[in-house]
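Open the model in your viewer and keep the selection tool ready. Each stop gives you something to select and says what is there.

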Amino acid sequence: MDLELSEEQEILADTVDKLIERHCPVSKVRSLVEDGAGIDRDTWRSYGAVGLFGLLVPESRGGSSTGSDGMVDAALVCEEMGRNLQPGPFVPTLLVAQAVAESERTDAGEVVLDDLLSGRQVATWALAEGGSWDPAEVVLEARREASGYVLSGLKDVVLDAKRADQVLVTGRLDGSLADFLVPTDTAGLSSIPYGSLDVTRRYGQLVLEGVHLPTAALVGRWPDAEASIARRFDRSVALQCAETVGATAAIFEMTAEYAKDRLSFGRPIGSYQAIKHRLADMMMLLEAAKATAASVARQMNGEASDSLLASTGKSYVAEACTTVVQEALQIHGGIGFTWEHDLHLYLRRVKSNEALLGTPWWHRERIYGLIADGPRVDGGPRVDGGPRVDAGRAAGGGHHEAHSDRAGASA
């Protein structure tokens, strides 16, 4: 990201880059795709060892946040994650750790927070339902019982629903939004895997059938959780923008090098005016996306949620970056469509990010509602603007193994 970085932030970015190069380069990501593991636990613990999961958690709670630049630090890390196509729910774990740290202190909560910050456990967040990312449209029911709560319902497009150790489930308790931290080995909780356009990640539908939880499972300050859930969603969007920019920057660099090396009629293809113009247009879009993502991260610090800022950033960054990667595919020609080339892996990540957490169309509808303070055109934004029953496939496919389809990376 093009930010005026402090010395500590420069060290952070350099540390993360070297950490990934040592533990999980793209070649390792490919092997995780092939064997279906999805997450390398040793790599995950190496993230925790240098404090990456505590970037939004104050030092007083065991985190590594030392001031008001937590979101900028997190965005820097997410950009490196995108540049190197890191698998796993890094952003959800980061934000779940923050939610647990801000909750009322309990012995059980302290143990979970410790495990999340150290990388011993993986967390994810279950928000979307029926094709909608809007927290206001959550309907999953939490009922009170003598020993705690009972949760029943479905959650869509949950990242690493099958592999996470903890899932933060957003539901409704007595009509108000509430968060519940649920261990994934809890009775009554199961997941149905989705195929995904992004083969480096795993998504699933979470099924909760009479899941019994203790009182301590309630996270946050119910019944005033709406603001914290809105803030978490907006931060998820902001950090996704940073990740998308990182992946797109890697693609652009890859394409610029290819244009220098690939010869046509005895000359590098990058010496032809048509390719020069395309590369120039791509660079302009990428730089604008970088500036947008950086601005969103800068202004996301503090307690307040800025939904207008988050949606404005997503609606621009997603479309600009998708255009860049599609142009990169055209410049590479036939080789860009092969499974062996890394280009399609980046294209899959950027294109999936365009849909996840709301498409640009979804966010423009959200912006309209925020500015006009009136009803949406269709009563509420949807994941892909289509029927709710199809929107849960935003991850990119049906219920099948994603890596079985290796042709046409630009589909």
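Select Phe-233 and Trp-362: Phe-233 is buried, and Trp-362 is buried too. Buried means under 20% relative accessible area, exposed means over 50%, and partly exposed is in between (1.4 Å probe, protein chains only). This is a predicted model: local features need pLDDT of at least 70, side-chain atom pairs count only at pLDDT 80 or more, and totals for chains, interfaces and linings use all residues. Residues are numbered from 1 along each chain as its sequence is written, and side-chain values use heavy atoms, with hydrogens and water left out.

**Aromatic pairs**

Stay on Phe-233 and Trp-362. Their ring centres are 5.9 Å apart and their planes are at 55 degrees, so the pair is tilted. The pair links distant parts of the chain: Phe-233 is in helix H7 (residues 226-261), Trp-362 is in helix H11 (residues 360-372), and 129 residues separate them. Rings of Phe, Tyr and Trp (its six-membered ring) pair if their centres lie within 6.5 Å; planes under 30 degrees apart count as stacked, over 60 as edge-to-face and the rest as tilted. Helices (H or I, at least four residues) and strands (E, at least two) are DSSP runs, numbered from the N terminus.

How many aromatic pairs does the structure hold? It holds 7. Tyr-47 counts as buried at 2% relative accessibility. Phe-90 counts as buried at 4%.

Select H5. It has 13 residues and reaches 19 Å from its first C-alpha to its last, close to the 18 Å expected at 1.5 Å a residue. The expected span is 1.5 Å times one less than the number of residues. H5 is mostly covered, with 12 of its 13 residues buried. Among them are Pro-92, Gln-98 and Ala-101.

Now select H7. Its 36 residues reach 53 Å from first C-alpha to last, close to the expected 52 Å. H7 is mostly covered: 26 of its 36 residues are buried.

**Salt bridges**

Which side chain meets Glu-102 in a salt bridge? Select Arg-231: the bridge is 2.7 Å, N to O. Glu-102 is in helix H5 and Arg-231 in helix H7, 129 residues apart. Glu-102 is partly exposed at 28% relative accessible area, whereas Arg-231 counts as buried at 6%. A salt bridge is a side-chain nitrogen of Lys or Arg within 4 Å of a carboxyl oxygen of Asp or Glu. By this rule, the count comes to 22.

Move to helix H10. Glu-354 forms a salt bridge with Lys-351, the closest N and O atoms being 2.8 Å apart. They are 3 residues apart in H10, so about one helical turn separates them. For a network of salt bridges, select Asp-198, Arg-201, Glu-243 and Arg-349.

Select Asp-174, in the loop between strand S4 (166-173) and strand S5 (176-183). Its phi is near 55 degrees, a positive value in a residue other than glycine. Asp-174 is exposed, with a relative accessible area of 55%. Asp-174 forms a salt bridge with Arg-144, the closest N and O atoms being 2.9 Å apart.

Arg-144 also lies over the face of Trp-222, at 4.9 Å from the ring centre. A charge sits over a ring if NZ of Lys or CZ of Arg is within 6 Å of the ring centre and within 35 degrees of the ring normal. Step along to Pro-223: a cis peptide bond joins Trp-222 and Pro-223, with omega about 5 degrees. Pro-223 is found in the loop between strand S8 (218-219) and H7.

**Last stop**

Select Leu-357, in the loop between helix H10 (343-355) and H11. Leu-357 has a positive phi of about 65 degrees, although it is not a glycine. Leu-357 counts as buried at 16% relative accessibility.
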